[in-house]
Amino acid sequence: MKSALSEVLGDLGQSPDQRILRLYRRWSEGGFGLLLTGNVMIDRAQLGEPGNIVIDDERDLATLTRWAETAHAGGSPIWMQLCHPGRQANPVVNRQAPVAPSAIAADIPGFRVPTALTERDIHDIIDRFATTARIAEKAGFDGVQIHAAHGYLVSQFLSPLANHRDDDWGGDPARRARFLLEIVRRVRATVGPQFAVSVKLNSADFQRGGFTEDESSDVVARLAIERIDLLEISGGSFESLAMMGRPTDRLGSAQQREAYFLEYAHTVRANAGATPLAVTGGFRSRAAMVAALETGDSDIIGLGRPVCLLPDAGRALLAGDEQLPSARVSRVRTGPISRSRTVRSLAGAVDLQWHTDQLHRMAAGAEPAPQRSRWRTAYSMMQRNGVDAFRRKRG
């Protein structure tokens with residue numbers, strides 16, 4: 001599975017264009033059993049990043065249809081990842097204040113205190129997830145993935161750090177899980193029976209007092225009852241970048257090994273029941289992938305960053321390649337500076353941007369550039385979140 005990667009290739013109106021088609025043409029030829037899009041936003045007033053694609057009505061139906069057709073041309077089904085940033089809404093590009101379960105800001109430099117959602121607001125967002133799923137189905141996509149990981153809005157509802165509500169949407173693990181379950185049910189009721197509905201879920205937040213593995217295991221059991229089509233396991237948020245292999249909390253480091261979340265997948269296999277599990281994060285060697293499949297801990301191998309450098313990674317593995325390319329662009333060494341959350345957040349942001357730059361090269365018709373320097377990446381990050389972001393805002 002080509003896992004979700006935030007492409008940030010929306011035009012000034014947050015619409016997909018030829019660049020996204022060109023990028024997915026490369027991946028459609030990559031030998032993948034499934035393609036997942038990057039996070040498509042469901043509300044154009046709430047963006048996670050400058051350049052996010054937003055689908056909240058049918059204005060881009062023709063381009064969306066070509067997007068799905070491009071993936072199908074290479075033989076791969078394609079699912080659209082649906083996302084709302086919540087309190088992780090980018091402060092540079094959003095006119096409106098961010099929204100969240102509670103008025104608690106993310107521990108990220110420069111991010112604002114969000115407005116707590118009302119009951120009416122919550123139901124509106126649930127409807128928005130269903131609307132975007134309906135449009136994806138109409139355009140020819142084969143399914144959707146509800147993004148309930150990485151600190152975005154659904155993940156915020158699950159976390160006791162972000163959700164301090166004492167109504168029907170918070171107060172204990174069961175009520176904190178309600179938002180996700182209601183989205184799953186509304187989406188399933190809106191689309192046809194052959195259209196896939198899946199979820200990406202954190203194994204944990206990797207933050208003291210946050211969403212724990214025990215709470216995540218309980219959510220897995222609840223999702224199994226809903227009979228979703230796939231559960232993808234990930235972890236962390238932009239406050240604690242576990243999905244990048246670098247948890248930043250004070251509870252101790254996760255083992256720096258392949259498949260960061262495979263051990264957790266093993267522990268929840270029984271709770272998942274018949275629900276297929278996908279594990280994404282850290283896989284680089286064919287041997288580790290084969291072992292994960294043979295043990296039954298994972299049914300699907302998710303590949304993210306490697307496909308930024310090798311767009312036909314699926315085909316290469318099937319042909320017998322033993323190792324996928326990897327790059328750690330920005331390293332935080334040991335010492336006092338390494339304990340700074342700001343420094344570690346910046347390092348993670350540079351790493352993410354370096355891989356995003358590779359996507360943008362392919363979207364422009366060029367090849368990935370593994371030797372691209374981190375300084376060029378830092379410049380492009382400043383440009384995307386500075387001049388370009390304000391240009392988009394005015395647009």
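Tryptophan 169 is buried, because its relative accessible area is 0%. Buried here means under 20% relative accessible area, exposed means over 50%, and partly exposed lies in between (1.4 Å probe, protein chains only). This is a predicted model, in which local features need pLDDT of at least 70 and side-chain atom pairs count only at pLDDT 80 or more, while totals for chains, interfaces and linings use all residues. Residues are numbered from 1 along each chain as its sequence is written, and side-chain values use heavy atoms, with hydrogens and water left out.

Phenylalanine 179 has 0% relative accessibility, so it also counts as buried. The charged end of arginine 178 sits over the ring of tryptophan 169, 3.7 Å from the ring centre. A charge sits over a ring if NZ of Lys or CZ of Arg is within 6 Å of the ring centre and within 35 degrees of the ring normal. The charged end of lysine 2 likewise sits over the ring of tryptophan 27, at 4.2 Å from its centre.

**Aromatic pairs**

How many aromatic pairs does the count come to? The count comes to five. Rings of Phe, Tyr and Trp (its six-membered ring) pair if their centres lie within 6.5 Å; planes under 30 degrees apart are stacked, over 60 edge-to-face, and the rest tilted. Two of the pairs are set out here.

| Pair | Centre to centre | Angle between planes | Class |
|---|---|---|---|
| Tyrosine 24 and tryptophan 67 | 5.5 Å | 65 degrees | edge-to-face |
| Tryptophan 169 and phenylalanine 179 | 6.4 Å | 80 degrees | edge-to-face |

Tyrosine 24 lies in helix α1 (residues 18-28) and tryptophan 67 in helix α2, so their pair ties together parts 43 residues apart in sequence. Helices (H or I, at least four residues) and strands (E, at least two) are DSSP runs, numbered from the N terminus. Tyrosine 24 and tryptophan 67 are both buried. Tryptophan 169 lies in the loop between α4 (153-158) and α5 (173-176), and phenylalanine 179 in helix α6 (residues 178-190), so that pair ties together parts ten residues apart in sequence. Tyr24, Trp27, Trp67 and Phe141 form one aromatic cluster.

**Helix packing**

The axes of α2 (residues 61-73) and α3 (residues 119-139) come within 8 Å and cross at roughly 65 degrees. Axes are lines fitted to C-alpha atoms, for helices over the stretch in contact, and angles run from 0 to 180 degrees between N-to-C directions. Leu61, Leu64, Thr65 and Ala68 in α2 meet Ile135, Lys138 and Ala139 in α3. Contact means heavy atoms within 4.5 Å.

**Two buried positions**

Glutamine 358 is in helix α12 (residues 341-363). Its relative accessibility is 0%, so it counts as buried. Leaving aside neighbours within four places in sequence, glutamine 358 contacts Cys308, Leu309, Pro368, Ala369, Pro370 and Arg372.

Alanine 162 is in the loop between α4 and α5. It is buried, with a relative accessible area of 2%. Alanine 162 and alanine 106 are 56 residues apart in sequence, yet 8.0 Å apart in space, C-alpha to C-alpha. Beyond neighbours within four places in sequence, alanine 162 is in contact with Arg87, Pro101, Ser102, Ile104 and Gln156.

**Whole chain**

The chain has 14 helices and nine strands. Buried residues make up 56% of its 395 residues. Of the contacts with a separation of 6 or more, 69% are between residues 24 or more positions apart.
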